[in-house]
Amino acid sequence: MNGLIVSSLSKSFGAVRAVDNVSFSVDGGEFLALIGPNGAGKSTCFNLINGQLVPDAGSVRFGGRDIAGSPARKICRCGIARTFQIAATFASMTVAENVQMALIAHEREIYRLWRRANSFHRQHALELLRRVGMHEAADRPCRELAYGDVKRVELAIALAGEPRLLLMDEPTAGMAPRERRELIALVKALIVERGIAVLFTEHSMDVVFAFADRIIVMARGRLIADGDARTVRNDPRVQQVYFGTGRIAERSGSAA
Amino acid sequence: MTFEGLAFQALDGLASASSLFFVAAGLSLIFGVTRIVNLAHGSLYMLGTYIAVTLVTAMGGAGDAFGFWSGVLAAALIAGVIGAAIEVVLLRRIYVAPELFQLLATFALMLIVNDATLWLWGPEDLLGPRAPGLSGAIEILGREMPSYDAFLIVVAPAVLGLLYVVFARTRFGALVRAATQDREMLGALGVNQALLFTAVFALGSVLAGLGGALQVAREPANLGMDLSVITDAFVVVVVGGMGSIVGSYVAALLIAEVKALCIGIGVVGFAGFAVNFSKLTLVAEFLVMAIVLIARPHGLFGRAQVAVRGAAEAEAEMEAPIRPASRALALFGLAVFGALLLLPFSARAFPYALVLGVDVLIAVLFAASLHFIMGPGGMASFGHAAYFGLGAYGAALLVKWFAAPMGLALAAAPVAAALGALLFGWFSVRLSGVYLAMLTLAFAQIVWSIVFQWQEVTGGSNGVLGIWPSAPFDRLAAYYLLTLLVVAVGVWLLRRILFAPFGYAMRAGRDSPLRAEAIGIDVKRVHWLAFALAGTVCGVAGGIFAFAKGSISPETISIGRSIDGLVMVLLGGVGTLSGPLVGASVFAVLQDFVMQETEYWHALLGGIILVLVLAFPSGLVGAFLRLTRRRRFL
């Protein structure tokens, strides 16, 4: 089994069960959306998978290994890359150097002390930048870019590690509607051509329903639906959660 | 040592914790709200003592209780007014400047106040009158304790209680607490931040002044009080947790007690060795701090600070991508090197040129190694002198005890420094920002006090004498050329590494630790090795220094030298690669000339630093780049 298998994952903060016995899997080449209202536990779930948090119970298996609670740099070595809700790039480097840095790290060359870093993997970096449409900005300082472009650079950085799974936490947060669709269309194209699996959280429903292969829905820490767009859209529990009229909203306690 | 003896020492510790608490509480309060790490806070304490001596003496001295206590209170209030004035005139202009610039500015202020005090009150220690009614002693546990100390033991918890009520119950207190958590949000709610900041600064200054004024009956006012108290207060604040008043009190008690107990325990036989605990007092507080910071990186009662958004942007704004030297710059660099090579020929006309040249070159290597971790690594070390000192002592002790030849001694210098840097760096890189700065300072102080106290080996305060270079380097010109060569190679290597993958990984870890870890970089390890590398190169500078001077003393490891390094780096501009070279040169020459010209060289230096900070916030080289509008030039 090549994909990601999350089983019985749980995490509590004090009395709050932020993630409560959640299980799902992502197959190779699949574009899986994780949605849910604010406070559903999406980010916690995400941070459990990418190693930022250690689960109380359950496992996260990828490529046959349990990676739950491993530090981020180890998880990245297993073939999992990620982008952040607020794009994280290296502001004091050029666009190309950002990607070169990722390639250098991937090739385990960071302890080299002599040759100039910007002569490492330059061509490869430019190719990746071309793929995300940023090659013309290759030699501009990263801090000068518009936010939408920074997100693209981040995507190129993530691709540098040749991941088999890409975790994207709200990839289109802070972007204009057209930019959003373009970015997600780009990710979709990358999935098709490279066979990468992508797990992403997203608030923009038009993006989710237009592009995701499959959608899983969380509410109050629990997984309440899992299926394609049509199934999820017609699921009464999902409707309840999103319209906020049902019994679930009346239960006491709240999830982070 | 009897139980009674220990208990008595503990009470004594309580008394000395008192003044420390006042200073630390003020410092912590000011930091919490304004996020300024105010190095000049100790100056307000010192002013408190001096003003109290003058006022109390003028108002009738020891005979008049009303005169004494009103003098003490007035001194505290005057310190508050001075603090408010400092805030309005100076600090208000630098709230959004990068943290390090604020440190530099307040350090400059400390220099100026110190010289102003020298000018007003003169260099002699001034003894104040004893407190009326409290000049006697009371008997506790069969020993005599000065009544004034007993009074101090009571007064600190009283002030703590008062502060607690103010913060818990008043509107002002609520505002202060809110500002400590998120001052921008508070500003967005329509609170007049300028007024609040001034008020907080005044209150913090009153506390410092009070701490100083109360010392009037305990110790003579002297010009070393500002530096010694600010170091102690920093340790207290960092141990307690920046921004926490209760933390300050607990930490002040903890440290004072540990010190008192060290004295109380004295010499103890331990597995055949005699361990003299009273010698530990100099290092005790730093040991406590190191332990606390390693276990709790934000101090006992501290929490991770919310980043001040404006400041973070200001910092990010400063640094452009690094570029290899342009042709013009490379030629310029070669020209400078060539000119320096020819300097010995001018020795007849300017005999002092070579001495100054060696000094400047050593400063350049020192600053370049500090900049290496401070700029690209983002780790502002406040104890870089430790590695300079380890290098210097490593070489000197080898000569003293094993009569090692110069070559071997010089080679040992970086090894000694590297070992120290590997050890201390491992702990330091686990922290960041002010906490990292303070831990590095603590380690430097530990090294200093070991060197200072281990008289049999290091010569104690006398240092090591007679470290002269062997032929042919016993001629100044030859030694100058050796220094030039070593420094040039060192600087060039550091620069080369910054352009290599390792240097990039360092910057990656500084720019975004989150991203760096996500692409597989072990940020802590990279920063640790960078720290060790910088320490190693700094050790080379120390070794060269030892042979240049012929003798060294614990001064090579002093806080002053660490601060000098910071000033050099910031002067040149931390965001540029050539900045530290220019900064170190300017600083070394300036220090040399200003020192000769005037008795008030501290103040002059401070004034120059202030002008630089206010007029050239990105350092000399940064300003030059901005001026030429060619940021990619260097």
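Okay, let's start in chain B, where 16 residues of domain 1 are in contact with 16 residues of domain 2. This is a predicted model, so keep that in mind throughout. In chain B, domain 1 covers 3-295 and domain 2 covers 355-559. Their centres, taken over C-alpha atoms, are 32 Å apart.

So what does domain 1 of chain B bring to that contact? The largest share comes from α10(B), with eight residues. Sort that side of domain 1 by class and you get 13 nonpolar, one polar and two charged residues.

Staying in chain B, have a look at two helices, α13 (residues 353-374) and α23 (residues 579-597). Their axes come within 8 Å and cross at roughly 140°. How do α13(B) and α23(B) lie relative to each other: parallel, perpendicular or oblique? At that angle they count as oblique, because the antiparallel class only begins over 145 degrees. The crossing of α13(B) past α23(B) is right-handed.

If you want to find this contact on screen, pick out Leu356(B), Val360(B), Phe366(B) and His371(B), which are among the residues on the α13(B) side. Across from them, the α23(B) side includes Pro580(B), Leu581(B), Phe587(B) and Asp592(B). Taken together, the residues of this helix contact split into 13 nonpolar, four polar and two charged.

One more stop inside chain B. Ala471(B) and Pro472(B) are joined by a cis peptide bond, with omega at about 5°. Where does Pro472(B) lie? You'll find Pro472(B) in the loop between α17 (455-458) and α18 of chain B.

And α18(B) takes us over to the other chain. The contact between the two chains takes 27 residues from chain B and 34 residues from chain A. On the chain B side, α18 (476-499), α19 (501-511) and α20 (513-518) each supply at least two residues. Which of the elements gives the most to that side? That's α19(B), with eight residues. By class, the chain B side has 17 nonpolar, three polar and seven charged residues.

Eight residues of domain 1 of chain A are in contact with eight residues of domain 2 of chain A. On the domain 1 side, helix α6 (residues 177-194) of chain A gives the most, with three residues. That side of domain 1 divides into six nonpolar residues, one polar and one charged.

Now for the sheet in chain A. Six strands form an open sheet, and if you walk across it the order is β6-β7-β8-β3-β9-β10, with mixed pairing. At the edges sit β6 (80-83) and β10 (222-227) of chain A, each pairing on one side only. From one strand to the next, the twist averages 20°.

Let's zoom in on two of the pairings. Strand β3 (residues 31-35) and strand β8 (residues 197-201) of chain A run parallel and are joined by four bridges. For a landmark there, Phe31(A) has Val198(A) as its bridge partner in β8(A). By contrast, β9(A) and β10(A) run antiparallel, with five bridges between them. In that pairing, Val217(A) is partnered by Ala225(A) in β10(A). β9(A) and β10(A) form a hairpin with two residues between them, and Arg220(A) in the turn has a positive phi of about 50°.

What about helices on this sheet? Helix α5 (residues 147-160) of chain A lies across β6 and β7 (165-169) of chain A, running at about 170° to β6(A). Helix α9 (residues 236-243) of chain A also packs on the sheet, touching β9 (214-219) and β10 of chain A. The direction of α9(A) makes about 125° with that of β10(A).

Arg108(A) is in the loop between α3 (95-106) and α4 (122-131) of chain A. And that's my tour, thanks!

Technical notes
Residues numbered from 1 in each chain as written. Chains lettered and ligands numbered in written order. Predicted model: local features only at pLDDT ≥ 70, side-chain atom pairs only at ≥ 80, totals over all residues. Pairing = 2+ DSSP bridges. Axes fitted to C-alpha atoms, helices over the stretch in contact; angles between N-to-C directions. Contact = placed C-beta atoms within 7 Å. Parallel < 35°, antiparallel > 145°, perpendicular 65-115°, else oblique. Left-handed = near helix turned anticlockwise from the far one by under 90°. Nonpolar A, V, L, I, M, F, W, Y, C, P; charged D, E, K, R; others polar. Domains from an automatic or database assignment.
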